[in-house]
Amino acid sequence: MEPLNSHASTMTRRDAFRLSAGLGLSFLLPAIDLKAAEKRGSERQKSVIVVWLAGGPSQLETWDPHPGTKIGGPTQSLSTKIPGIDIASLFPQTAEQIHHLNIIRSLTSKEGDHERGTYMLKTGYRPDPTTLHPSLGAIITQQAPNSNLEIPQHVSFGDGQWPARGGYLGDQYDAFRIYDPGNGLNNMSTRVDKPRQKRRLGNLEVISQAFEPNRRPAASQSLHRKTLDDALTMMSSEQLEAFKTDDEPETLKKSYGDSRLGRGCLVARRLVESGVRAIEVSMTGFDTHANNYEGMQTQAEILDPGLSTLIRDLKERDLLDSTVVMCLGEFGRTPKINPLDGRDHWPTGFSCLLGGGGLKSGIVIGETDPNGDQKDPKDPIPVENLFSTVLHQLGIDYQQELITPIGRPMALAQGELIQQLL
Amino acid sequence: MKKLRIILSPLIVVLLISIMVGMTIRPGADPAPLPSSIPDVDDFQSIGDTVNEELRLRRKSAGLGELQPASDLTVLRRLSLSLHGTIPSLEEIRQFESVQQSSSHSKPDLITRWTERLLTDSRFSDYFAERLARSLVGTDGGQFVVYRRDRFVDWLAEQLEARRPWHDITRDVIADKGLWTGKPAVNFITAGIAGDDLDHEELTGKTVRAFLGQRIDCAQCHDHPFDDWKQSDFEGLAAFYGQVNLTLVGIEDKPSLEYEVEDRLSLETRQVDPAVPFGLEWLPEQGSRRQQLAGWITHKENRRFSRAIANRIWALMLGAPYYTNISVDDLPDPPENPDLLDMLADDFREHNYDLRRLVRVITATDLFRSSSQSSAETEQEYAIHKEYWGVFPMTRLRPEQLIGSMLQSSSIKTIDQNSHLLFRAMRFFREQDFVRDYGDLGPDELDQRSGTITQALLRMNGNLTKELIEANPFNSTGRVANFSDNDRECIDNSYLVCLTRHPTANEMAYFENQLAELNGKQRTQAVVDLYWSLFNSLEFSWNH
């Protein structure tokens with residue numbers, strides 16, 4: 001027999017909120033679990049921050065420079081706190097923090113088109129006409145949701161063209177998009193007083209009762225009601241403070257940089273503190289088919305402060321052990337410099353940063369040919385392995401198979417673990 | 001500048017609505033009359049029957065029964081949304097209902113005649129030009145120096161208005177020469193210019209997606225993993241664009257140019273000659289390389305060409321491509337036995353590639369006129385109903401349809417060509433931000449999506465909602481609240497304006513009760529709140 005209190009025990013905070021709000025009893029709400037925000041180190045439930053470099057960042061101008069070779073271009077190198085390891089001199093601040101993460105210089109994929117490459121590097125699967133795979137953030141929020149959260153669990157900053165999606169898990173796992181982070185959120189307050197808002201919502205109920213009969217599956221799939229309820233919950237949540245940066249010290253804000261990326265990284269840290277599971281901070285402009293070097297210089301001036309401050313800030317707040325940080329784009333760029341001083345798409349032997357969340361640190365995996373003659377890198381890491389490793393690190397059974405809407409079983413990730421990092 | 005815009009735009013919106021409505025409430029020209037004769041009406045009803053039979057067999061194969069017809073007003077709403085990107089005005093609904101009563105048994109039927117009227121309206125050309133432009137040039141701004149998207153869309157609208165056949169439009173788009181301002185068709189080419197160079201590969205992928213409805217982009221780097229496209233096919237097609245030359249007088253063809261690619265593995269450069277992956281006999285011997293490519297693509301035996309546009313127009317009318325699980329531009333190779341797309345494609349070709357004809361045929365089907373209600377009780381069952389077209393699928397309004405509907409709801413009169421410039425000015429100030437915040441899918445706009453929290457917030461609390469529904473003497477909220485004869489009429493008008501239907505008895509009773517005790521400002525507020533609730537209903541923001 002079902003225990004009598006079964007309903008109460010499965011009732012989430014959100015249900016309680018809705019119920020009490022309906023009865024005008026919102027003062028009965030339990031306070032937000034401050035302890036959850038206070039937990040530090042490995043006690044915390046883990047989150048992931050992906051710093052997404054849209055367009056395909058050049059590995060030679062970031063984490064895998066080859067100065068003085070025929071493929072190196074004008075880029076110089078700079079030593080890091082990882083003994084014997086240099087990165088491009090465009091990233092002096094990151095060089096001071098990079099030992100907290102790891103460098104992979106031998107990622108391989110088979111997708112050299114922006115849309116397909118983005119799909120691959122956001123989901124761990126190649127595009128497949130019969131199914132839409134979920135992004136890493138969607139898998140994490142579906143598998144390890146934070147039930148105390150009244151703000152979205154999966155957030156994407158910036159104006160990247162293909163934000164992280166829920167795929168076959170459903171559109172409710174799509175990232176909540178914010179184009180210009182750091183200035184709070186728009187459209188968060190009602191335009192009328194409480195009695196009128198109550199009347200409006202009551203009307204809505206009457207209108208949907210007329211429309212929904214014989215359309216229930218479509219209505220439920222539309223997520224119309226769910227998104228409305230979620231929006232109402234969010235509008236009155238104290239957790240919205242996480243999206244603002246007013247109370248952050250000016251020096252810290254300055255250190256992150258007053259750019260979309262910098263503000264995005266700062267808010268990402270605040271969201272991690274509030275318990276948001278997956279955050280994507282996007283920066284565009286890495287598709288440097290022409291004038292690669294100048295282009296990367298401009299990009300680095302924005303990325304270097306934002307990324308390095310993020311790593312440092314997480315570390316100083318003892319959040320890095322519970323936060324996986326990944327920095328990558330859809331592919332790298334050709335060793336060969338084209339006639340426009342640019343580099344073209346290169347899905348073989350490109351680089352990313354990965355670390356935190358309890359992974360080892362200061363490790364460099366893989367090596368590319370300094371002369372660009374050998375296409376394949378040493379110790380190649382298929383892109384798929386990133387996904388298995390991150391999910392595993394978050395305590396999610398990455399080999400678990402879910403049944404997709406077309407009835408096909410599909411593993412959450414199809415790669416192997418990157419043992420060097422565990 | 002930005003500040004100025006922020007200050008000015010709400011003022012301008014209010015001003016524009018006032019002028020717009022002020023203009024339209026003057027006794028002016030009567031609404032456009034309903035056409036009494038329609039080209040080839042018997043003929044397209046016969047292809048309609050063929051398509052109905054094919055759809056019946058498809059339903060039967062999944063064990064699904066007959067379609068339930070939708071009400072005329074529901075079909076009217078669908079027609080306006082898919083052909084003009086907005087819901088019908090109260091004025092149009094009144095006209096429709098008056099004709100409905102007087103001509104219930106006339107032939108051709110009222111929906112067919114109404115469709116014809118919408119197709120004759122220049123709003124159709126404008127709206128479809130933008131939809132087609134998305135498949136041809138996407139939504140990005142490109143390089144202003146060589147690319148003018150606005151010119152391209154205007155040009156497309158002119159072609160549609162002049163009823164130019166699709167294969168002629170296609171030929172211009174692929175092979176025209178000249179400046180992007182004077183010969184706007186060439187913007188299809190110049191949209192693909194990055195730096196000073198033409199991105200042949202991007203252009204080739206786009207050409208195949210837009211005109212053949214297939215994707216060969218990945219054959220750019222390797223043989224296609226699922227279909228028969230080889231990397232050499234891709235390069236051969238790209239070579240047709242190999243003589244495109246960007247000059248001071250615009251896009252030209254320079255016969256001395258050759259197309260060269262750099263091998264991705266060996267990094268060596270090699271020359272590639274133009275070649276087609278199939279249908280070699282369709283390739284014209286004369287003309288520039290681009291003219292040859294255009295001739296090959298539009299050749300009457302190239303089934304992919306007509307299938308692709310049939311599938312796209314189907315998706316625009318019904319909310320999803322015919323093969324619902326596959327993107328509109330990712331069709332499988334044409335099957336041996338003709339499928340529904342071939343039936344539509346053959347008819348389209350036989351009628352001189354007339355896009356309006358294709359629309360007429362689709363709107364004449366039982367499916368287009370069927371209800372979005374179904375017997376499906378679970379999401380799985382509903383998925384089958386959708387896949388086998390056992391129901392008119394519910395689809396989220398695209399941002400431009402939603403903003404169009406919200407704007408139309410704020411006026412009693414039709415916002416059309418008479419108010420067109422003003423309407424466009426208002427859209428200019430409001431649409432960009434709204435569409436961005438609502439989430440524009442750009443060229444992927446025919447993908448099926450659910451609602452999002454951001455959208456809910458925007459509809460509930462956004463500026464546009466507030467501006468449009470706040471009652472004033474000119475907008476529909478103000479007029480419905482103050483000039484309806486009684487509460488019942490006020491409620492009825494609100495429903496017609498926003499949802500294109502009458503309220504149910506239950507709804508009528510509920511809102512009559514609500515308004516009964518109120519007077520003056522309080523009553524007006526209640527009507528504003530009713531509008532707000534209608535705007536925020538599932539029914540308003542979805543096509544059904």
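The model is a predicted one. Helix H6 of chain B covers residues 122-137. H6(B) is followed by B:Gly138, which has a positive phi near 70°.

Chain B as a whole contains 25 helices and eight strands. Of its 544 residues, 50% are buried.

In soluble globular proteins, nonpolar side chains tend to be buried together. The largest nonpolar core in the model comprises 232 residues, and A:Met326 and B:Ile313 are the members with the most contacts inside it. Helix H13 of chain B, residues 303-318, gives the most to this core, with ten residues. Leaving aside residues up to four places away in sequence, A:Met326 touches A:Val50 and A:Val51, together with A:Cys352, A:Leu353 and A:Leu354.

The contact between the chains takes 47 residues from chain A and 54 residues from chain B. On the chain B side, at least two residues each are supplied by helix H16 (379-387), helix H19 (453-461), helix H23 (505-516), helix H24 (520-535) and helix H25 (538-541). H19(B) gives the most to the side of chain B that touches chain A, namely eight residues. By residue class, the side of chain B that touches chain A divides into 22 nonpolar, 21 polar and eleven charged residues.

Chain A is divided into two parts: domain 1, formed by 32-184 together with 244-421, and domain 2, formed by 185-241. The centres of domain 1 of chain A and domain 2 of chain A, taken over C-alpha atoms, are separated by 34 Å. Contact between these domains involves ten residues of domain 1 of chain A and ten residues of domain 2 of chain A. On the side of domain 1 of chain A that touches domain 2 of chain A, four residues are nonpolar, three are polar and three are charged.

Methods. Residues are numbered from 1 along each chain as its sequence is written. Chains are lettered from A and ligands numbered from 1 in the order in which they are written. This is a predicted model: local features need pLDDT of at least 70, side-chain atom pairs count only at pLDDT 80 or more; totals for chains, interfaces and linings use all residues. Domain bounds come from an automatic or database domain assignment. Two residues are in contact if their C-beta atoms, placed from the backbone, lie within 7 Å. Ala, Val, Leu, Ile, Met, Phe, Trp, Tyr, Cys and Pro count as nonpolar, Asp, Glu, Lys and Arg as charged, and the others, Gly among them, as polar. Helices (H or I, at least four residues) and strands (E, at least two) are DSSP runs, numbered from the N terminus. A residue is buried if 20 or more other C-beta atoms lie within 10 Å of its own, exposed if 12 or fewer, and partly exposed in between; C-beta atoms are placed from the backbone. A nonpolar core is a set of buried Ala, Val, Leu, Ile, Met, Phe, Trp, Tyr and Cys residues joined through C-beta atoms within 7 Å. The expected span of a helix is 1.5 Å times one less than its number of residues.
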